[in-house]
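Me: I would like to learn how to read a sheet and the helices around it. Please start with the terms.

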Amino acid sequence: MEVAFGSALKEWRGKRRMSQLELGLTANVSARHVAFLETGRSRPSRSMVLQLAKALDVPRPARNILLHAAGFAQAYRMRALDEDAMRDVRAAIDWTISRHEPYPALVLDRHWSLVAVNAVAAKMIALMGLSVGDSLLAAMADRDKLPKAIENWPEVGRHMLHRLRTESAYFGGDPVLDAAGKQLAADPEIANYHYEGPLPAIVPTRYRMAGTLLSFISTIAQFGTAEDMALADLKIELMFPADAATQLFLETSAGS
């Protein structure tokens, strides 16, 4: 059964915890018009659907659903990275992760599957039995992979749990992310972990790598103007040394 536009709009407004007045102010329409749209007394134009979806920060796949519910064609596509139209995107990704060496860089999709890695990251994940195409969510659930490789797993796992919940909330709920989050929450080491003293500015991840302890902090980059559904969800994770020993090890290894 198709979801009526008004019901879908009200559901997303609830997920974003916005009143009709707040949505109206953000989307530059009256609260009364929002109410009429939700009850079906008014029908939206295509531009109004997109205007409201933008104000609610609705992910692109869900914007397509809203458009369909209002009787309009989809606006957003999902392209594969190997399509000709994505040539410039591929070049930008390759340039970014290759120039980041000798530090590791990963490219992840919406469900944390490895889309691409640079040479340094390829060596790191190989030590955990991982390669491009594998899922970091599955690796987190496998005690012989990420939990075994990460020296401060309870601390990092708690951070990962928060990140999964935040990403799922953005999508209005995601079964894959939610299932992974529940699995992490059921880990006693993560559930019982608490910081002593003030929270750190950033949580480093300390990897056990062939007898060497490497400590990293990360930053995540995304394509800010992406309108393609898959590209909008793509994340480039750039890892930086969190201490001098890690920096020296990576730079020395690169020069050898």
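Reply: Two strands pair if DSSP finds at least two bridges between them. Strands (E, at least two residues) and helices (H or I, at least four) are DSSP runs, numbered from the N terminus. The model is predicted: local features need pLDDT of at least 70, side-chain atom pairs count only at pLDDT 80 or more, and totals for chains, interfaces and linings use all residues. Residues are numbered from 1 along each chain as its sequence is written, and side-chain values use heavy atoms, leaving out hydrogens and water.

Me: How do strand 4 and strand 5 pair, and over how many bridges?

Reply: Strand 4 (residues 212-221) and strand 5 (residues 235-241) are antiparallel, with 6 bridges. Within this pair, F216 is opposite P241 of strand 5.

Me: What is the strand order of the sheet?

Reply: The sheet is open, has 5 strands in the order 2-1-5-4-3, and its pairing is antiparallel. Strand 2 (114-117) and strand 3 (205-209) are the edge strands, each pairing on one side only.

Me: What links strand 3 to strand 4?

Reply: Their hairpin has 2 residues between the strands, and A210 takes a positive phi near 50° there. The two strands pair in the antiparallel sense over 5 bridges, and M209 has T212 in strand 4 as its bridge partner.

Me: Which helix lies across strand 1, strand 2, strand 3, strand 4 and strand 5?

Reply: Angles run from 0 to 180 degrees between N-to-C directions, with axes fitted to C-alpha atoms, for helices over the stretch in contact (heavy atoms within 4.5 Å). Helix 7 (residues 119-126) lies across these strands, at about 125° to strand 2.
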